[in-house]
Amino acid sequence: MNISILKMFFKALGINPNSFTSTDLLVRFLRFFPLLIEHFHLIELGQPNTGKSFISKMFPEKIEMVTALTLAKIFGNMNGKEGYISDKNYSILFDEITNLTQSDISSDLRSALKSYLNGDSFSRSEKDISYSTSCYFAGNTIDKTQTNLDTSPTFYKAGIFTNLPEFFTENAMIERLVWSPGWLLTKTDDNNLSSESTENYFKMVDKFFHENRCSENKDIKIPFTHNSRDCRKARKIITGFIVTLYNGQFSSDNIAELMEFSEFIIKLGYGKYSRFWDTHNGKKFLLNFLPLYLPKDSSINRVFFCEDRVLVVTKETPNKIYKIALNKYGIIENENEINSYTSNSNISKLIAPIEKYNNTSLILIQDFYEFLDLRLEFKDTKLTPIEAEINELKQKIDTLTNNQNNLIEWNSVLISKYNALVDFTLSIKTGLVLPLPEKIFVNNNNNQDSNFTNFINSINSLNLNFKNHQLGHKNGEYRIMNFSRLIK
């Protein structure tokens with residue numbers, strides 16, 4: 001993947017791509033696709049100040065804003081005068097669609113739009129309408145809906161956007177439009193702006209549109225749906241990435257990775273949200289974006305996917321781990337961790353030292369203690385056979401060590417309970433002659449094992465509960481590594 005192309009597109013808008021999560025970048029990058037791919041019809045709903053209409057202001061000669069919703073204005077009049085949809089426009093923008101009512105869109109216009117968005121040609125006067133202009137529909141979410149979605153993506157479902165005209169929620173429109181999750185985005189502020197001049201980047205992007213605009217790659221097979229319209233949309237999404245970030249050159253592995261993201265987008269149209277990086281290929285796709293968030297020329301050594309964050313250890317700093325938010329929910333997790341560490345003195349002493357990286361909650365940097373459970377680690381399939389075998393043996397050794405520590409911990413707990421019952425039995429005066437049980441005394445000279453027991457006891461004393469994949473160890477010491485959600 002050519003990540004420099006991604007940077008070029010955002011810097012043309014005056015945006016610093018390193019300041020957004022990878023999800024933010026991908027959703028914002030989709031806004032360019034109507035300009036790159038013929039008949040790429042996009043709809044995006046999100047909070048204001050996320051830049052939905054900004055592209056039309058930057059590239060007014062290629063994307064025109066619709067100001068009149070009439071059949072003649074959009075498709076041309078009966079005398080042959082061109083409308084918004086024409087050879088001159090790569091795309092057109094229907095902004096503020098959530099301010100419309102159903103009656104604002106005439107039945108004739110609704111019918112014509114459905115035909116056009118489906119890729120069908122139809123007649124106006126004596127001329128067939130067969131242009132390739134893309135349509136981009138943008139609108140704002142209502143505050144209550146956005147507040148819920150900011151809390152958790154589990155609130156997302158079909159019909160959640162009650163302020164949309166019914167026309168857009170019809171099955172015919174759901175199938176014809178690519179539903180981009182603008183509601184996942186954070187508002188743009190001064191921290192997202194680039195200090196570089198946009199002029200040269202703007203010229204390069206403008207030239208890129210001119211030289212690379214194309215139709216969908218019809219040779220791409222879509223395995224996750226049999227719906228022909230969904231297949232076309234998925235091919236257009238994948239084609240958009242191929243002509244930009246892959247320079248038109250791609251492998252079957254690239255397609256498999258892009259397939260995960262396209263499936264994620266297609267299912268959003270039907271009210272289904274999921275993390276596309278929960279799959280192996282989805283994780284591989286996201287690995288391409290990690291260099292944006294690490295020190296320049298860093299070499300990634302190990303990667304752990306943890307819900308809405310990815311944790312990275314580099315070869316240059318193996319004693320540190322970078323906690324990179326993958327979306328705004330990951331940023332919230334980072335904020336929770338840094339707040340817990342800095343404000344709760346009782347628990348901070350049990351946590352591996354952690355701080356903000358570059359003074360933002362997008363990335364945290366923490367002292368790395370090897371996880372007691374490696375279930376979150378992502379295995380890079382590009383390892384040589386020897387490297388893979390070394391990694392596998394290391395993990396087996398760590399697993400055996402962790403199992404030993406777990407057995408020691410449980411043995412300590414059982415002995416403690418046994419001795420308590422012995423004390424209770426000896427305290428009962430029944431008058432009966434019985435063989436008296438003996439207490440068990442543990443003579444354990446292993447300082448590491450006692451450290452682990454003491455560490456667990458300290459956690460338990462705070463009424464907290466952690467799983468082994470949240471805890472780490474180093475040189476006989478133990479620390480909490482993942483703690484964005486303290487379980488009481």
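Modeller: Asn 49 is exposed, with a relative accessible area of 53%. Exposed means over 50%, buried under 20% and partly exposed in between, using a 1.4 Å probe and protein chains only. The model is predicted, so local features need pLDDT of at least 70 and side-chain atom pairs pLDDT 80 or more, while totals for chains, interfaces and linings use all residues. Numbering runs from 1 along each chain as its sequence is written, and side-chain values use heavy atoms, leaving out hydrogens and water.

Asn 49 sits in the loop between strand 1 (42-46) and helix 4 (54-58). Helices (H or I, at least four residues) and strands (E, at least two) are DSSP runs, numbered from the N terminus. The phi of Asn 49 is near 65°, a positive value in a residue other than glycine. Most residues other than glycine have a negative phi.

Asn 358 also has a positive phi, near 60°. Asn 358 lies in the loop between strand 11 (354-357) and strand 12. Its relative accessible area is 56%, so Asn 358 counts as exposed.

A pocket is an open set of points on a 1 Å grid where a 1.4 Å probe fits, with protein on both sides within 12 Å along at least five of seven lines; lining residues have an atom within 4 Å of a point. The volume of the second largest pocket is about 590 Å³, meaning the space filled by probe spheres set on the points. The lining has 25 residues, and Ser 19, Asn 192, Ile 331, Thr 360 and Leu 362 lie nearest the centre. By class, 9 lining residues are nonpolar, 10 polar and 6 charged.

Helix 14 also packs against helix 7 (residues 143-151), at an angle of about 60° and with the axes 9 Å apart. Helix 7 is therefore oblique to helix 14. Angles under 35 degrees count as roughly parallel, over 145 as roughly antiparallel, 65 to 115 as roughly perpendicular and the rest as oblique. Gln 146, Leu 149, Asp 150 and Thr 151 of helix 7 meet Lys 328, Tyr 329 and Ile 332 of helix 14. Contact means heavy atoms within 4.5 Å. This contact divides into 3 nonpolar, 2 polar and 2 charged residues.

Asn 346 is in helix 15 (residues 345-348). At 44% relative accessibility, Asn 346 is partly exposed. Asn 346 and Ser 458 are 112 residues apart in sequence, yet their C-alpha atoms are 9.5 Å apart.

The axes of helix 1 (residues 3-12) and helix 2 (residues 22-29) come within 11 Å and cross at roughly 70°. Helix 1 and helix 2 are therefore roughly perpendicular to each other. Leu 6, Phe 9 and Phe 10 of helix 1 touch Leu 25, Arg 28 and Phe 29 of helix 2. This contact has 5 nonpolar, no polar and 1 charged residues.

Last, the whole chain. The chain has 17 helices and 16 strands. Of its 488 residues, 50% count as buried. Among contacts between residues at least 6 apart in sequence, 70% join residues at least 24 apart.

Note on methods:
Nonpolar A, V, L, I, M, F, W, Y, C, P; charged D, E, K, R; others polar. Axes fitted to C-alpha atoms, helices over the stretch in contact; angles between N-to-C directions.
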